[in-house]
Amino acid sequence: MKVGILGCGAIANIITNFSQDNKLGVEIAFFYDRDMERAENLASQVDGRVVLNFEDMLDEVDLVIEAASSQAVEQMVPLILEKGKDVLIMSVGGLLNPQTRKALESIAKKNNAKIHIPSGAIVGIDGIKAASIGKIQKAVLITRKPPHSLGIETHKETILYHGTASAAVEKFPLNINVAATLSLAAGMEIEVQIIADPQVDRNMHEVRVVGDFGEFRTVTKNVRCSINPKTSVMAAYSAIKLLNSLNENLQVGT
């Protein structure tokens with residue numbers, strides 16, 4: 001399977017580095033980024049090809065990894081799906097808009113293409129997907145981050161946001177991907193708290209789910225990527241595992 005990358009930032013770097021020893025199960029062949037130097041640096045690692053227009057890769061690949069932005073989800077992913085190509089979306093916050101999501105699903109169905117969403121920087125996605133078969137009474141995400149990573153200075157725990165995932169998009173666009181993934185997995189709007197906590201030195205995500213299955217609670221403490229501290233290593237690892245699973249005969253989990 002040939003793969004193209006749209007957006008050559010931290011996540012693309014981790015995926016490309018992992019693919020160098022043929023451990024990925026797919027061939028990373030094409031790269032596009034508005035910053036040509038970033039695309040060229042990654043392409044040189046795997047003898048890949050840089051394209052000046054991302055549409056130039058679409059006739060050559062089977063799947064595109066979107067690792068750019070929510071704007072790319074709205075503007076570029078439709079063109080990928082119209083070509084009948086699969087897409088793996090990292091900027092999941094772009095799917096919280098119901099109109100965008102429904103439009104992409106419709107295009108994918110019409111062109112026999114698939115939209116893949118990795119679990120991202122969090123654990124418990126399989127559990128909440130299974131729970132959604134029954135009735136979920138409550139699903140809550142509590143995100144804690146060091147104050148400086150949220151652009152504030154405080155010496156005490158401060159709740160910056162408490163509300164729905166979709167309403168958090170405008171206030172915290174860079175912190176919404178996990179909430180979006182959970183909402184999509186649950187099939188419902190989840191409750192979100194974003195907390196600036198001077199007692200933590202990592203991004204932490206606590207998930208609490210209650211339903212007719214019972215209840216569960218998970219806590220993820222993420223190691224931040226050295227290339228971009230706003231990106232969690234787990235997010236890139238989840239994409240790598242999803243790509244590997246496309247060629248696996250034994251599937252574990254939902």
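Predicted model: local features only at pLDDT ≥ 70, side-chain atom pairs only at ≥ 80, totals over all residues.
Trainee: What makes H9 mostly covered?

Mentor: Of its 13 residues, 10 are buried; among them are Val233, Ala236, Ile240 and Leu243.

Trainee: How do you know that the span of H9 agrees with its number of residues?

Mentor: At 1.5 Å a residue, the 13 residues of H9 (residues 233–245) should span 18 Å. The end C-alpha atoms are 19 Å apart, so the span agrees.

Trainee: Why is the pair of Asp197 and Arg144 called a salt bridge?

Mentor: The closest N and O atoms of Asp197 and Arg144 are 3.0 Å apart, and the cut-off is within 4 Å, so the pair counts as a salt bridge. Asp197 lies in the loop between strands E9 (191–196) and E10 (203–211) and Arg144 in strand E7 (residues 136–145), so the pair ties together parts that are 53 residues apart in sequence.

Trainee: Why is Asp197 called buried?

Mentor: The relative accessible area of Asp197 is 6%; buried means under 20%, so the term applies.

Trainee: Which salt bridges does Glu206 form?

Mentor: Glu206 meets Arg208 at 2.6 Å, N to O, and Arg217 at 2.7 Å. Arg217 is in strand E11 (residues 214–222) and Glu206 in strand E10, 11 residues apart.

Trainee: Why is Arg217 called exposed?

Mentor: Arg217 has a relative accessible area of 58%; exposed means over 50%, so Arg217 qualifies.

Definitions and conventions: Residues numbered from 1 in each chain as written. Heavy atoms only, no water. Helix = DSSP H or I, 4+ residues; strand = E, 2+ residues; numbered from the N terminus. Expected span 1.5 Å × (residues − 1). Buried < 20%, exposed > 50% of the residue type's maximum accessible area, 1.4 Å probe, protein only. Salt bridge = Lys/Arg side-chain N within 4 Å of Asp/Glu carboxyl O.
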